[in-house]
Amino acid sequence: MFSHIMVGANDMEASKAFYDAIFGAIGAKPGFFDDMGRAIYMHDNALFLVTKPIDGASACHANGGTIGFTMASPEQADAWHAAGVAAGGATCEDPPGVREGGFGKLYLAYLRDPAGNKLCGLHRIG
């Protein structure tokens with residue numbers, strides 16, 4: 001369904017360090033900057049990009065928006081979350097753990113990146 005996800009950032013170096021850490025925790029290679037200064041990540045046939053807004057305005061997060069990343073296990077979600085906090089992100093929502101709802105049992109770990117974007121590491125249980 002998705003071809004790629006792109007988020008805005010004001011501090012590209014801080015954002016790249018953060019995303020290198022969380023994606024490295026799940027086995028992805030560090031991102032690279034393209035000719036336009038965007039940080040690009042490719043992993044498991046997915047494309048994730050970080051950029052300064054092309055309109056010149058400041059980047060801001062989407063209030064109510066969340067970008068979810070599939071995790072292979074609760075342990076991988078925990079490593080992803082810890083790497084994000086250590087790399088300048090902030091934990092948000094409840095601490096990482098199991099939640100039950102309309103989608104069944106999920107292990108969820110939430111972070112905010114240095115620009116305030118809300119991210120979720122999600123592992124489906126059972």
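**Briefing: a predicted VOC domain model**

The UniProt annotation "domain: VOC", from an unreviewed entry, covers residues 1-124; UniProt positions follow the numbering used here, feature names are shortened, and annotations may be inferred rather than shown by experiment. This is a predicted model, in which local features need pLDDT of at least 70 and side-chain atom pairs count only at pLDDT 80 or more, while totals for chains, interfaces and linings use all residues. Residues are numbered from 1 along each chain as its sequence is written, and side-chain values use heavy atoms, with hydrogens and water left out.

**Fold**

- The protein has two helices and nine strands, where helices (H or I, at least four residues) and strands (E, at least two) are DSSP runs numbered from the N terminus.
- Their order from the N terminus is β-α-β-β-β-β-α-β-β-β-β.

**Size and surface**

- The radius of gyration is 14 Å, which agrees with the value near 14 Å for a compact globule of 126 residues; this radius is taken over C-alpha atoms, and the globule rule is 2.2 Å times the number of residues to the power 0.38.
- Along the principal axes, the C-alpha atoms fill a box of roughly 45 × 30 × 30 Å.
- Of the 126 residues, 39% are buried (buried means under 20% relative accessible area, exposed over 50%, partly exposed in between; 1.4 Å probe, protein chains only).

**Nonpolar cores**

- The largest nonpolar core has 22 residues, of which Tyr 19, Phe 23, Phe 48 and Trp 80 touch the most other members; such a core is a set of buried Ala, Val, Leu, Ile, Met, Phe, Trp, Tyr and Cys residues joined through side-chain atoms within 4.5 Å.
- Elements giving two or more residues to this core include helix H1 (12-24), strand S4 (46-51) and helix H2 (74-86).
- H1 gives the most to this core, with five residues.
- Another core, of five residues, lies apart from it and has Cys 92, Leu 106, Leu 108 and Cys 120 among its members.

**Contacts**

- Leaving aside neighbours within four places in sequence, Trp 80 is in contact with residues including Ile 22, Phe 69, Leu 111 and Cys 120 (contact means heavy atoms within 4.5 Å).
- Among contacts between residues at least 6 apart in sequence, 54% join residues at least 24 apart.

**Phe 2**

- Phe 2 sits in the segment before strand S1 (5-8) and is exposed, with a relative accessible area of 67%.
- Phe 2 and Leu 47 are 45 residues apart in sequence, and their C-alpha atoms are 9.1 Å apart in space.
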